[in-house]
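Open the model in your viewer and keep the selection tool at hand. We will go stop by stop.

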Amino acid sequence: MTGWQRFFLLIVCIAFTLILWPQYDRAGLMFMLMAGLMWTCVIVILSVIINMFALYKLELLHRLISIVFLAALIASFLYYFPLEGGETPAARLAKGQWPTETDVRRGIKQLTFNFDFLRRGVHNEANYINQKMDDASDTVKDIKKTAKKKKEALEILVE
């Protein structure tokens, strides 16, 4: 397993932890940020050691190191990720409280952005940006009509 694969695994573990246990607050997000930075440093150091001693040639040892890395990563998230009420995911699992479908839905909702592409289109009147532009073009048309009427009135007066 390369360093990039370990880094991708780190991101996947962070995402799964945040999705499966969405009962976190600001401290939980700060923990994930700091844990992500710490595990990134561990990945870099581990990659340097593996390449320095050519441990990638010893396939069994390399796989064992990868399995230990994954186990330590998952254990650190389960035993130290702070949830509301001072609990951890490992404590909840020990009580038999497994993540439910509503927890997963809530976790996915917390990690996604709310872009409303269906109702906010370029040609939709509900789009506030286009309304301002349309109002400006209507104002320009009204001014042109008023100017044309004034010009016609002026031409009649001049004749």
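What follows is a tour from the whole chain down to single residues.

**Ground rules.** This is a predicted model, in which local features need pLDDT of at least 70, side-chain atom pairs count only at pLDDT 80 or more, and totals for chains, interfaces and linings use all residues. Residues are numbered from 1 along each chain as its sequence is written, and side-chain values use heavy atoms, leaving out hydrogens and water.

**Whole chain.** Color by secondary structure. The protein chain has six helices and zero strands. Helices (H or I, at least four residues) and strands (E, at least two) are DSSP runs, numbered from the N terminus. Of the 159 residues, 25% are buried. Buried means under 20% relative accessible area, exposed over 50%, and partly exposed in between, with a 1.4 Å probe and protein chains only.

**Helix 1.** Select 3–20. The 18 residues should span 26 Å at 1.5 Å a residue, and the end C-alpha atoms are 26 Å apart, which agrees. That expected span is 1.5 Å times one less than the number of residues. Now pick out Arg6, Leu10, Cys13, Ile14, Thr17, Leu18 and Ile19: these are buried. The buried residues of helix 1 pack against helix 2, helix 3 and helix 5 (101–111).

**The core.** Which residues touch the most other members of the largest nonpolar core? Select Leu10, Trp39, Leu73, Phe77 and Phe81, from a core of 21 residues. Such a core is a set of buried Ala, Val, Leu, Ile, Met, Phe, Trp, Tyr and Cys residues joined through side-chain atoms within 4.5 Å. Helix 2 gives the largest share, six residues.

**Trp39.** Zoom in on helix 2, where Trp39 sits. Is Trp39 buried or exposed? It counts as buried, because its relative accessibility is 8%. Beyond neighbours within four places in sequence, Trp39 is in contact (heavy atoms within 4.5 Å) with Leu10, Phe69, Ala72, Leu73, Ser76 and Phe77.

**Phe81.** Move on to Phe81. Leaving aside neighbours within four places in sequence, its contacts include Trp21, Tyr24, Phe31 and Pro89.

**Phe53.** Finish in the loop between helix 2 and helix 3, where Phe53 is found. Phe53 counts as exposed because its relative accessibility is 57%.
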